Amino acid sequence: MSSSWINTRAWLLMLPLLIVMVAVIGWPLIDTVRLSFTDAKLVGTSGNFVGFDNYLKMLSNSGFQRAFLTTTWFAVISVTAEMVVGVAAALLLNQQFYGRTVLRALMILPWALPTVVNATLWRLIYNPEYGALNAALTQIGLLDAYRSWLGEPGTALAALILADTWKNFPLVALIALAALQAVPRDITSAAMVDGAGAWSRFRFVILPYLAGPLMVALVLRTIEAFKVFDIIWVMTRGGPANSTRTLSILVYQEAFSFQRAGSGASLALMVTLMVTVLAAIYATVIRKTAGAN
Amino acid sequence: MSALDIIGVRKRYGTVDTLKGIDLSLDSGEFLVLLGPSGCGKSTLLNIIAGLAEPTGGDVRIDDRSVVGVHPKDRDIAMVFQSYALYPNMSVERNIGFGLEMRKVPAAERAEAVKTAAKILQIENLLERRPSELSGGQRQRVAIGRALVRNPQVFLFDEPLSNLDAKLRMEMRTELKRLHQMLGTTVVYVTHDQIEAMTLATRIAVMRNGQIEQLATPAEIYERPTTLYVAGFVGSPSMNMLDAHIADGVARIDSSDVVIPLPYETSAKGRPDQKLVLGIRPESLRLASDGEAPAFEANVEVVELTGPELVISATVGQQRITASLSPKSDIQAGTRRRFALDADALHIFDKETEKRL
């Protein structure tokens, strides 16, 4: 068979998928880029060409700057917490004890639940009148009176981060657990005989085995956290006083609440660009770590 | 003074008794080999000495101090694993020095100790490398270096040579023997390879089903095995085991008319018709000269030249025997020949108790 026919056949086989991809990803992306240079509204006018106006306005807009900071804060804190809690949980679940299998299965539950369910559960926990958190904290004497955790700008973002960490640490734990099981028993035994305590064994012997897989988890989680929308939309809708308004929420509000399709598109492209940069940085780091081993 | 005492050690996993009461005492400088097939409990015993497993009962004493419940790092032992168990992310130098690093030995002193160990093992030029850049034999040297540098009371080896190819295994065996002679360390060494056991050990404990079947010097294990099991486990080709019974004060080999005279003590103690197993090492058989006795006739079926010896497969009645002869022997397959043996080369076992008579 000639190589040109093999080539042609390959393209023919991929053609249906290519058509679908162009239709649902390619075309909308190109149209979004076009929209971002116009002052189009969601309904009505198709808009006039305004050049880089949308972008310039956005960058100087304090709402955007604040949303960017909120998003970064949310991503850094929640991903860090997820990594720490996830690895700790994996180390625990890697021990031999009765009921380990049941616990491993249970651990996946928060991650397996739909985000909407998870977010609704946490809204109940944070409820200012009958929430479990208020009840627990007042009963053990840490709190004098019930508070509205999601209603106060000072606590809303922290409450969201806690909920998001709870939901997503199982993914990190699962990846870490799989990596832990690949650590040869002889190696940890050798470290014990060599006199390494629990912390040294983790730091010098086990962690190097986890580094690669954890890097993947870090990439996935950071990108997802940067794009976060659903859990915030269900719990606070970006409030109170925009204290939990992340970039994705801002995009939604701009494009659909305020119906400014043009500037919404420019915002969305900005978020896409940031996530792409993040992904590129991580890809480089991963290639380097892989090369080092 | 004994360096290591194992007193009535038992280990039970669930309902399985892996070790059923082990007693051992090891003098300083001894090289003890725990020999047995997989599942006999030898690795479990080693792990109990190391502190990687705790005994269900009994006591382990190192330098006359009970170490049951003591963390491995506080037992004054070092261990070499079958898989080498090198830390893949560390250089050879750090691998060897890791035990000292964990014990907070100052860096300069540590570097000196690593250098000395590397010199002994001839791996000085590898110190900068990672384990993944080493061959199997080099990795094994690093693993030994890691144990050596700690200068412990007892060295533990868990089948250290079984991942190496045959030629390298022989080299490392000699190397280990050289090290032991040079350093005079106390060693407990686990293997299923009887050649390793015979060549390295000052004493061998042959283990079976969680018990020690025989504990003796290699020569004694070879020359006076106390049970059929030990007789069959040690020696290559393995010992011929001929079913026989006592008749009129001599041993008659079953399904043949061959009779072999028994030593006076055996025939005097033996019951008429008592079932025996006659053990004859292949290397103690030779072609009989005219009129020589004791001797028996056998049908030669296969003749194999291995180089240093000629291995003969033959039948006596219905039973098969093997003989290792000089490579110059004049013998052909398909012939019937007489084989002679020295009376003291005969190992006589009771078939029921499997014990030496």
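**Notes on the model**

1. In chain B, the C-alpha centres of domain 1 and domain 2 lie 39 Å apart. The domain assignment, which is automatic or taken from a database, sets the bounds of chain B at 2-233 for domain 1 and 240-350 for domain 2. This is a predicted model, in which local features need pLDDT of at least 70 and side-chain atom pairs count only at pLDDT 80 or more, while totals for chains, interfaces and linings use all residues. Residues are numbered from 1 along each chain as its sequence is written, and chains are lettered from A and ligands numbered from 1 in the order in which they are written.

2. Between these two domains of chain B, four residues of domain 1 are in contact with five residues of domain 2 (contact meaning that the C-beta atoms, placed from the backbone, lie within 7 Å). The domain 1 side of this contact has three nonpolar residues, one polar residue and no charged residues, where Ala, Val, Leu, Ile, Met, Phe, Trp, Tyr, Cys and Pro count as nonpolar, Asp, Glu, Lys and Arg as charged, and the others, Gly among them, as polar.

3. An unreviewed UniProt entry places "domain: ABC transporter" at residues 4-234 of chain B, with the caution that such annotations may be inferred rather than shown by experiment. Over residues 4-234, chain B is 36% helix and 27% strand, and the end C-alpha atoms are 25 Å apart (helices being DSSP runs of H or I with at least four residues, and strands runs of E with at least two, numbered from the N terminus).

4. For chain A, the unreviewed UniProt entry lists "transmembrane region" at several stretches, including residues 67-93 and 105-125. Residues 67-93 of chain A are 100% helix and 0% strand, with end C-alpha atoms 37 Å apart, whereas residues 105-125 of chain A are 90% helix and 0% strand, with end C-alpha atoms 23 Å apart.

5. Helix α3 (residues 62-93) and helix α9 (residues 198-226) of chain A pack at an angle of about 145°, with their axes 9 Å apart (axes being lines fitted to C-alpha atoms over the stretch in contact, and angles running from 0 to 180 degrees between N-to-C directions). Among the residues making this contact are A:Phe74 and A:Glu82 of α3(A) and A:Leu214 and A:Arg221 of α9(A). By class, the contact of α3(A) with α9(A) has ten nonpolar, three polar and two charged residues.

6. Where the chains meet, chain B gives 16 residues and chain A gives 13 residues. On the side of chain B that touches chain A, the elements giving two or more residues are β6 (77-80) and α2 (92-102) of chain B. That side of chain B divides into eleven nonpolar, three polar and two charged residues.
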